[in-house]
Amino acid sequence: MKHNFGAGPCILPQEVFQEASQAVLNFNGIGLSILEISHRSKEFEAVIAETERLVRELLAVPQGHSILFLQGGASTQFAMVPLNLLPEGGKAAYLDTGTWANKAIKEAKKVGETVVVASSADANYSYIPSAYEIPADAAYFHYTSNNTIFGTEIFDTPKSTIPLVSDMSSDILSRKINVSDYGLIYAGAQKNMGPAGVTLVIVKDELLGKTGRTLPTIFDYQSHIAAGSMYNTPPVFSIYVSMLNLRWLKSKGGVEVIEQENIIKARTLYEEIDRNPLFKGTAAPADRSRMNVTFVTEDKAHEAAFLELAKERGLIGLKGHRSVGGFRASIYNALSITGVNALVDAMQEFEEKNK
């Protein structure tokens with residue numbers, strides 16, 4: 001049996017794979033593949049409508065917030081956010097907590113004045129800065145809620161008098177959030193929501209159309225809202241599989257239930273990292289991510305040997321990002337506690353072999 005700890009594209013439930021594979025051959029018994037049906041057909045209109053309803057229900061998205069399914073990943077949102085929310089002559093505030101936050105900052109600087117309120121680059125992004133002030137005259141404050149590469153996560157919503165914008169690509173739908181606290185949330189689907197190819201955007205309507213800019217139509221959120229996420233051809237299959245995955249999450253009891261499972265999985269793995277003398281965590285304990293657990297061997301000479309043992313035990317995708325090294329266990333929603341226990345067993349076996 002394989003246990004997929006890859007950072008993304010993500011593990012998905014087997015029942016989602018099975019239903020999606022049938023739809024590739026024959027979608028809903030209509031004799032056509034989901035890959036070939038028109039995005040203007042009534043069959044796909046029903047899919048995108050259900051996907052939107054499920055997002056609104058599972059995240060308790062209030063009225064006055066639009067839900068969009070776009071393309072281009074979070075990387076496109078790094079530019080779309082300031083283009084749509086940063087007025088001419090205004091400024092935006094950003095928190096720098098990792099590679100993706102830094103990329104977002106670089107794109108915002110191309111659009112207008114961008115203030116970095118704090119950064120943890122001084123310690124290779126191993127912690128979340130806490131002592132910072134958000135300028136009250138900024139158009140918005142942007143932060144990345146979970147840092148996949150460095151294994152840190154922000155659980156408490158920052159206190160802010162200005163609109164909050166968050167890149168939640170790697171922890172959306174893994175825990176409860178209060179959407180009404182945010183002006184805009186965006187998330188690449190390929191961690192917890194579905195396969196690569198679609199990006200979720202939840203935006204407060206009243207924030208839009210106030211920058212004084214004339215935007216290219218494709219980069220204007222209002223264009224996509226008016227067209228119901230179908231201004232251009234949407235990623236049909238990615239949206240469909242996301243719908244199946246959201247159905248699965250709802251059937252489990254929703255975000256509240258999966259959050260408790262994620263807490264148990266993360267606690268189980270971190271307890272072994274802290275107990276086992278051959279391993280140590282790389283993120284500050286107070287800021288440890290539930291989604292991406294980063295750790296190294298105390299003796300770097302053991303690293304290759306442990307990866308080989310993990311491979312033999314069917315533990316896939318554990319090699320850490322090149323900027324951190326070591327190991328990264330991504331324990332997204334669809335990875336069961338069985339997978340985490342298998343990793344713990346391998347770590348204990350490795351300890352026995354190296355006493």
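View 1. The UniProt record, an unreviewed entry, places the feature "modified residue: N6-(pyridoxal phosphate)lysine" at Lys 191. UniProt positions are given in the numbering used here, feature names are shortened, and annotations may be inferred rather than shown by experiment. The model is a predicted one, in which local features need pLDDT of at least 70, side-chain atom pairs count only at pLDDT 80 or more, and totals for chains, interfaces and linings use all residues. Residues are numbered from 1 along each chain as its sequence is written, and side-chain values use heavy atoms, with hydrogens and water left out. Lys 191 lies in the loop between β9 (184-188) and β10 (199-204); helices (H or I, at least four residues) and strands (E, at least two) are DSSP runs, numbered from the N terminus. With a relative accessible area of 13%, Lys 191 is buried. Buried means under 20% relative accessible area, exposed over 50%, and partly exposed in between (1.4 Å probe, protein chains only). Leaving aside neighbours within four places in sequence, Lys 191 is in contact with Ala 7, Gly 8, Cys 10, Thr 148, Ser 169, Ser 170 and Tyr 332, where contact means heavy atoms within 4.5 Å.

**View 2. The cis peptide bond between Gly 8 and Pro 9.** Gly 8 and Pro 9 are joined by a cis peptide bond, with omega about 0°. Pro 9 sits in the loop between β1 (3-4) and α1. Gly 8 is also one of the residues in contact with Lys 191. Most peptide bonds are trans.

**View 3. Arg 40, a residue with a binding-site annotation.** The annotation "binding site" in UniProt, from an unreviewed entry, covers Arg 40. Arg 40 is in the loop between α1 (14-25) and α2 (42-58). A relative accessible area of 48% makes Arg 40 partly exposed. Not counting residues up to four places away in sequence, Arg 40 touches Glu 45 and Met 230.

**View 4. Asn 28 and Ser 229, two residues with positive phi.** Most residues other than glycine have a negative phi. Asn 28, which is not a glycine, has a phi near 55°, and Ser 229 has a positive phi of about 65°. Asn 28 belongs to the loop between α1 and α2, whereas Ser 229 belongs to the loop between α5 (221-226) and α6 (236-251). Asn 28 is exposed, at 61% relative accessible area; Ser 229 is buried, at 4% relative accessibility.

**View 5. The packing of helices α1 and α6.** The axes of α1 and α6 are 10 Å apart, and the helices pack at an angle of about 145°. Axes are lines fitted to C-alpha atoms, for helices over the stretch in contact, and angles run from 0 to 180 degrees between N-to-C directions. The crossing of the two helices is right-handed: a crossing is left-handed if the near helix is turned anticlockwise from the far one by less than a right angle, and right-handed if clockwise. From α1, the contact is made by Glu 15, Val 16, Glu 19, Ala 20, Ala 23 and Val 24. The α6 side consists of Phe 237, Tyr 240, Val 241, Leu 244, Asn 245, Arg 247 and Trp 248. By class, the residues of this contact are nine nonpolar, one polar and three charged. Ala, Val, Leu, Ile, Met, Phe, Trp, Tyr, Cys and Pro count as nonpolar, Asp, Glu, Lys and Arg as charged, and the others, Gly among them, as polar.

**View 6. Asn 245 in helix α6.** Asn 245 is part of helix α6 and is buried, with 3% relative accessible area. Residues up to four places away in sequence not counted, Asn 245 touches Leu 12, Pro 13, Val 16, Asn 192, Met 193 and Gly 194.

**View 7. The packing of helices α8 and α9.** Helix α8 (residues 303-312) and helix α9 (residues 337-353) have axes that come within 10 Å and cross at roughly 130°. The two helices are therefore oblique to each other; angles under 35 degrees count as roughly parallel, over 145 as roughly antiparallel, 65 to 115 as roughly perpendicular and the rest as oblique. The crossing of α8 and α9 is right-handed. Ala 305, Phe 306 and Leu 309 in α8 meet residues of α9 including Leu 343, Ala 346 and Phe 350. The contact of α8 with α9 has seven nonpolar, no polar and two charged residues.
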